[in-house]
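Thanks for asking me to look this over. Here are my comments as numbered points, for you to read with the structure open beside them.

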Amino acid sequence: MKITRSLLPLVALFALGSAQAQDASAILKASDKFRMSADNLQVETQINIVNADGTPDKERKYKVFAQQNRQSLVIMQSPSEKGQKVLMSGDDFWLVMPDSQRPLRITPMQKLLGDASTGDVSTLSWAEDYAGKLVGEEACDTRAGARPQTCLHLTLTAARKGVTYQRIELWVGKTRYEPHRADLYVLSDKLAKQASFVFDKPDAPTTVVEMVLTDKVSNNKTTRIKYVSRKERQIPKEWLNPQFLVRGGTFE
Amino acid sequence: MRVSRHLVIGFVGTSALLLLLALSSAWAQSAPVPANEEDANAGFALPAVTGQIRLLGNDFHPSMRGPLAAANALQPGIATQTTASAALETELRTSGTGWNLTGTLQQQALPGGSHPNRAWFNEAAVTRDVAGWSLSAGKKIVAWDVAYGFRPNDVVQQETRRLLVSTLAEGRTVIMAEHFDVDTAWSFVFANAGHARSELGAREPAYAARVYKRDGAADWHGFARYGAHTGASVGVALAWVATDALEVHGSVRYLARADSKAFDTRSPLIAAVSPWQASTLRRATQAIVGGTWTHESQLSLMVEAWWDGTALSPRQWDAWRARNTALSALPRDAVPGAAVGGNLAWQSEAFSAASNLHRSNLYLRASWEHEGWTPSVDLLYHPADNGRMITAALLWKGDRVQVQGGVRINAGPAASVLRQLPTQQQAFLAATWAF
């Protein structure tokens with residue numbers, strides 16, 4: 001009897017923790033909907049990289065086929081990258097360079113290479129890749145002059161290998177769970193980037209139209225990922241075969 | 001001066017071509033916008049043309065060693081050695097549903113006023129889907145196998161490896177049938193249709209097949225090829241992502257016969273025709289194993305070791321060195337210099353006996369990507385004679401412009417094969433503008 005009584009607080013703590021995890025998971029799924037509005041999407045994306053002094057550095061255009069079960073195909077559209085493709089299928093990644101016409105197996109770490117991390121462009125949801133934990137309530141934006149608004153703070157820990165970031169600190173709205181900002185940490189637990197989100201309607205957001213990433217590792221460059229258009233589209237299953245990517249012709 | 005003038009002419013020609021493309025593109029954009037998708041399909045729109053212009057300069061420092069240098073010392077000018085070159089290349093790409101076209105225009109400028117021009121299609125192929133199979137015909141790059149420094153199972157394209165500047169290869173004429181599902185791909189190819197049976201290497205008519213299977217973190221490949229005169233070869237390859245940072249790969253191929261060059265042992269020391277003749281090598285194996293490790297700081301290290309049983313053996317190279325020495329030691333008054341020089345020059349044909357100079361090879365490469373800059377250094381090492389080929393390069397990538405330059409040096413003992421090559425040192429500079 002004594003033993004049972006002494007275990008009660010532990011059981012209660014476990015139950016509370018479990019409920020919080022469930023809450024965090026539901027919040028994360030709701031937050032993802034602001035970027036990934038359907039299971040299968042075709043997203044036209046424009047990326048502008050801006051130097052620390054505000055001068056433009058690079059512009060890139062990507063066509064992203066974000067599909068269910070953590071699969072996505074990124075087709076580079078800019079002149080300097082034309083013909084380049086990246087395929088992600090679960091924890092596996094392939095790269096096709098136009099000169100080689102040969103799909104190359106790449107590691108999650110190689111996915112970080114390049115102007116804008118392909119992981120940032122192709123990953124539109126976090127719920128499947130991360131375990132969330134509700135930390136508490138905090139200000140959505142801590143910058144001076146920002147609109148006072150309280151957010152829910154979640155800590156996301158990678159639940160599988162191959163994700164671009166090992167840990168994410170995420171702040172979402174209390175009512176709609178729209179993502180406001182995120183701190184993105186790589187495997188060494190170093191803060192790599194800080195993300196903020198721009199919505200279609202600031203007062204009643206329904207979708208993220210832009211994600212702004214600030215590089216915190218080296219150059220303080222800002223990467224603006226603009227979601228130019230989104231439409232529901234399920235691509236043929238063979239498009240997710242790396243060998244298909246060098247078949248020739250367009251991916252329309 | 002003449003070099004510069006011809007490059008200017010090439011640049012003007014390329015600019016005119018680009019202007020034409022820009023006008024056609026503008027015309028396509030100014031065409032009335034269709035009201036709906038059906039109208040769009042019914043209308044005619046020019047496909048977009050993209051590409052790049054590359055200006056490439058090379059400076060070659062000839063070797064003071066080796067048979068070609070000895071031949072030129074005996075008989076100046078008997079073997080030409082390029083000391084510098086420049087090229088302007090325009091690569092144009094366009095594609096549509098079921099077809100793609102890529103072509104290159106090249107204008108070269110060589111010392112002595114030579115300025116050869118060339119234009120070729122890299123790819124010109126159509127693809128149609130019939131009963132679950134993808135059928136292709138035309139000129140196409142069919143690049144198979146894993147690995148970087150050497151690809152034993154690249155049995156169709158047979159791409160030249162470890163080039164200083166990566167360029168789009170020229171495809172092979174193929175008829176192809178492929179079947180894809182999510183994890184598996186089957187490819188059947190008839191390459192070089194219409195070529196003579198006696199054509200060598202990648203130009204030989206051949207049937208080839210590949211099966212690809214994805215198994216989690218591993219990609220498995222199986223290969224088979226049947227050449228018109230080289231017969232059968234089979235191979236298998238694997239690429240495996242072992243950890244978040246490490247990828248390992250391996251490839252092995254067994255060939256019943258392979259094209260090579262061999263020294264005719266019946267040939268006298270002073271021969272009237274080249275003693276190095278095309279030959280067929282029987283029962284050879286090629287294999288490579290390697291891996292790439294990448295750190296989150298964007299530093300990458302690659303190590304590869306390979307065996308090429310089609311390359312000349314250490315014993316053949318020893319015989320080759322002995323013949324070089326014997327030719328150079330001939331008394332000048334007994335044999336005409338032109339005869340000795342010619343025979344020494346023929347000795348350089350051994351360099352092209354196979355895609356690798358030596359059977360055993362070790363390759364190391366380190367590169368670091370940082371804020372648009374990519375410095376890299378690599379080493380090709382031949383354990384058989386301690387020869388070393390060292391390349392250091394620097395690449396800068398801007399929005400549309402890319403500039404790269406570097407130097408490749410052959411080092412090691414004076415008797416090593418790499419030190420006997422006609423070029424001792426090569427410097428290059430390339431600038432590319434994408435449009």
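1. Is B:S85 buried or exposed? B:S85 is buried, because its relative accessible area is 15%, and the cut-off for buried is under 20%. If you leave aside residues up to four places away in sequence, the residues that B:S85 touches are B:L56, B:G57, B:N58, B:F60, B:A109 and B:L110.

2. Now to chain B as a whole. Chain B has 435 residues, and 47% of them are buried. Its secondary structure consists of six helices and 18 strands. Among the contacts in chain B with a separation of 6 or more, 56% are between residues 24 or more positions apart.

3. A word on confidence, please. Chain B has a mean pLDDT of 89, with 90% of its residues at 70 or more. Residues 18-43 of chain B need care, though: pLDDT stays under 50 there, and the model has ten contacts beyond four places in sequence for this stretch. Where pLDDT is low, the predicted coordinates should not be read in detail. For the model, the scores are ipTM 0.85 and pTM 0.87.

4. Chain A has 252 residues, of which 51% count as buried. You will find two helices and 13 strands in chain A. Of the contacts in chain A with a separation of 6 or more, residues 24 or more positions apart account for 45%.

5. The size of an interface is often given as the accessible area lost when the parts come together. Here the area buried between chain A and chain B is about 4200 Å², and carbon and sulfur atoms give 48% of that area. Three arginines deserve a look on your screen: A:R102, A:R105 and A:R247 supply 18% of the area that chain A buries against chain B, more than any other three residues.

6. The rule finds five salt bridges across the interface of chain A and chain B. One of them joins B:R93 to A:D99, with 3.8 Å between the closest N and O atoms.

7. Finally, have a look at A:K237, which lies in the segment after strand 13 (222-232) of chain A. A:K237 counts as partly exposed because its relative accessible area is 48%, and that class runs between the cut-offs of 20% and 50%. Residues up to four places away in sequence aside, A:K237 touches B:D181 and B:V182.

Key. Residues numbered from 1 in each chain as written. Chains lettered and ligands numbered in written order. Predicted model: local features only at pLDDT ≥ 70, side-chain atom pairs only at ≥ 80, totals over all residues. Heavy atoms only, no water. Buried area = accessible area lost by both parts, 1.4 Å probe. Salt bridge = Lys/Arg side-chain N within 4 Å of Asp/Glu carboxyl O. Buried < 20%, exposed > 50% of the residue type's maximum accessible area, 1.4 Å probe, protein only. Contact = heavy atoms within 4.5 Å. pLDDT = per-residue confidence, 0-100. Helix = DSSP H or I, 4+ residues; strand = E, 2+ residues; numbered from the N terminus.
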